[in-house]
Amino acid sequence: MSDQRDHGGNLDAAILRHGGSRADWADLSTGINPVPYPLPTLPPEAWTALPDRTAHDALIAAARAVWNVPEGRAILPVPGASSAIAHIPALAPAGRVHIPGPTYNEHAAAFARLGWQVDALAAPGQSATVLVHPNNPTGAFHHTLPTSPLTVLDESFCDVAPDRSHVASAPDTTLILKSFGKFWGLAGLRLGFVIGAPERLARLSDMLGPWPVAGPALHIGTCALSDTAWAEATRARLTADAAHLDTLMTRHGATLTGGTPLFRLYTVPDAAALQTRLARHHIWSRIFPYSPTWIRLGLPAPDRWAHIGAALA
């Protein structure tokens, strides 16, 4: 990733500056579930054979069921939602795209790289719109969808609130992105999905080439998406943990500004100073170049709560 676009997860840079090993750090700079889906036993052919159609179809069936994807909509598994983000602007002639911000910055970068003009405000003449739902970092939901010739709806964090998804009602011109790494906590697997009209997804599939998703990802994704009991229990735990983090942060002067059960956005007097203070305790957080007062924290693993509390004391 380009160093010019800020992201969470850059723990190596924090270690270089503040010391310690990765095991010493609590990385709260991302919105990844710190209690990942337990890895199932994989058949040997998941590693040794090219991904087959049966495994691919099983994953799509699991995705269709868990997200209630209507008949007539196609599902394309991709090697991480970021891969789809990078390719989607090539599906239409370059023009003007409306991307209201602040939001996840890879969308604007992908469109700009392919010659699109990126507009923060809605205006006549725009042929594409990108909405992040719920938004990152504010957590705000979009209640209605635009009617642009191309609409990208990034629901990477929407599995914490499946009843808020637009999958069932989105128009044909909408491509919906789903992340696997966020809610299921297996970001290193590099698995994501695009849901939309079959014709557009066929073109996107051609861009990605054959076998874009690895065999282990097909099998693990199928198991995880099919495990509705795990998902329900995880939503309850994330909601409780988010409330606990809010209590810790507001007790020490932060104001809750937004977020989701996977990450919380706080307003503080000096976000950079708080980030440095936490980093000295080997806790990594996310701040933003456009706001001197916003700091975003993901949830800690269950064994890290005492670590967080001690750093804030």
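Select Ile75 to start: not counting residues up to four places away in sequence, Ile75 touches Ile60, Ala63, Arg64, Val69, Phe193, Val194, Ile195 and Leu201 (contact means heavy atoms within 4.5 Å). The model is predicted, local features need pLDDT of at least 70, side-chain atom pairs count only at pLDDT 80 or more, and totals for chains, interfaces and linings use all residues. Residues are numbered from 1 along each chain as its sequence is written, and side-chain values use heavy atoms, with hydrogens and water left out.

Stay on Ile75. This residue lies in strand β2. Helices (H or I, at least four residues) and strands (E, at least two) are DSSP runs, numbered from the N terminus. Ile75 counts as buried because its relative accessibility is 8%. Buried means under 20% relative accessible area, exposed over 50%, and partly exposed in between, with a 1.4 Å probe and protein chains only.

Seven strands form an open sheet in the order β2-β8-β7-β6-β5-β3-β4, with mixed pairing. Two strands pair if DSSP finds at least two bridges between them. At the edges are β2 (74-78) and β4 (117-119), each pairing on one side only. From one strand to the next, the twist averages 20°. Axes are lines fitted to C-alpha atoms, for helices over the stretch in contact, and angles run from 0 to 180 degrees between N-to-C directions.

Select residues 150-154 and 174-179. These are β6 and β7, which pair in the parallel sense over four bridges. Leu153 stands opposite Ile176 in β7.

Then select residues 53-66, helix α3. This helix lies across β2 and β8 (192-196), and runs at about 120° to β2.

Move to Asn135, in the loop between β5 (128-132) and β6. Is Asn135 buried or exposed? Asn135 counts as buried, at 8% relative accessibility. Leaving aside neighbours within four places in sequence, Asn135 is in contact with Pro102, Thr103, Ala140 and Phe263.

Finish at helix α10, residues 305-312, where the buried residues are Trp305, Ile308, Ala311 and Leu312. Look down the axis of α10: these buried residues fall within an arc of 130°, so they line one face of the helix. The arc is that of the directions from the helix axis to the C-beta atoms. To see what they pack against, show β1 (26-27), α8 (228-251), α9 (271-280) and β11 (283-284).
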